[in-house]
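Dear colleague,

Please find the structure below, handed over for your own work. My notes on what was found in it follow directly after.

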Amino acid sequence: MNKTKQSHKAIFNFIANANVYLKMHTEETKLKYAIERTGEKVNEVTKEYVQKLKDIKLEHALSEANGKVPFTTNEQGEREYEYTKEGLKALDKAIENLFNEEVEIEVYYATELPETLDEGFKQVFKGFVIE
């Protein structure tokens, strides 16, 4: 395993493309193995991202004079808060900053790549499963 720094944006792009690649290519390859190994570590980072996102939403939510933060719960069981105009602007900026924040992740580089690997996948996988 190697360590690298990647933004959450790049991580989510990797996840989306890795899922597409794995659905298209079911054969066992060193690249598939690397994607699966790296995917396990990436999932840990995305769990941390989700928790940070929840914290940011709460931090910028409208609060009452007594300090209580009113919320409703949507169909997925997630809390939904109300925001002031300023709070919403600050929330959007904080989410953008989090999305672009770089975090250290463990990655596993494939020792061999399929000859037919599309250039688009190569670009997305670079730094995750391609050195």
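Which residues does Thr 4 touch, not counting residues up to four places away in sequence? Under that condition, Thr 4 touches Val 103, Glu 104, Ile 105, Val 107, Tyr 109 and Gly 127, where contact means heavy atoms within 4.5 Å. Thr 4 belongs to strand S1 (residues 2–7), and with a relative accessible area of 17% it counts as buried (buried: under 20% relative accessible area; exposed: over 50%; partly exposed in between; 1.4 Å probe, protein chains only).

Two remarks on the basis of these values are in order. This is a predicted model, in which local features need pLDDT of at least 70 and side-chain atom pairs count only at pLDDT 80 or more, while totals for chains, interfaces and linings use all residues. Residues are numbered from 1 along each chain as its sequence is written, and side-chain values use heavy atoms, with hydrogens and water left out.

As to the overall fold, the chain contains four helices and four strands, taken as DSSP runs numbered from the N terminus (helices: H or I, at least four residues; strands: E, at least two). Their order along the sequence is β-α-α-β-β-α-β-α. The C-alpha trace spans about 60 × 30 × 25 Å along its principal axes. The radius of gyration of the chain is 19 Å, whereas a compact globule of 131 residues would have one near 14 Å (taken over C-alpha atoms; the globule rule is 2.2 Å times the number of residues to the power 0.38). Of the contacts with a separation of 6 or more, 71% join residues 24 or more positions apart. Buried residues account for 33% of the 131 residues.

Leaving aside neighbours within four places in sequence, Ile 35 is in contact with Phe 14, Ala 18, Tyr 21, Leu 22, Phe 125 and Val 129.

With kind regards
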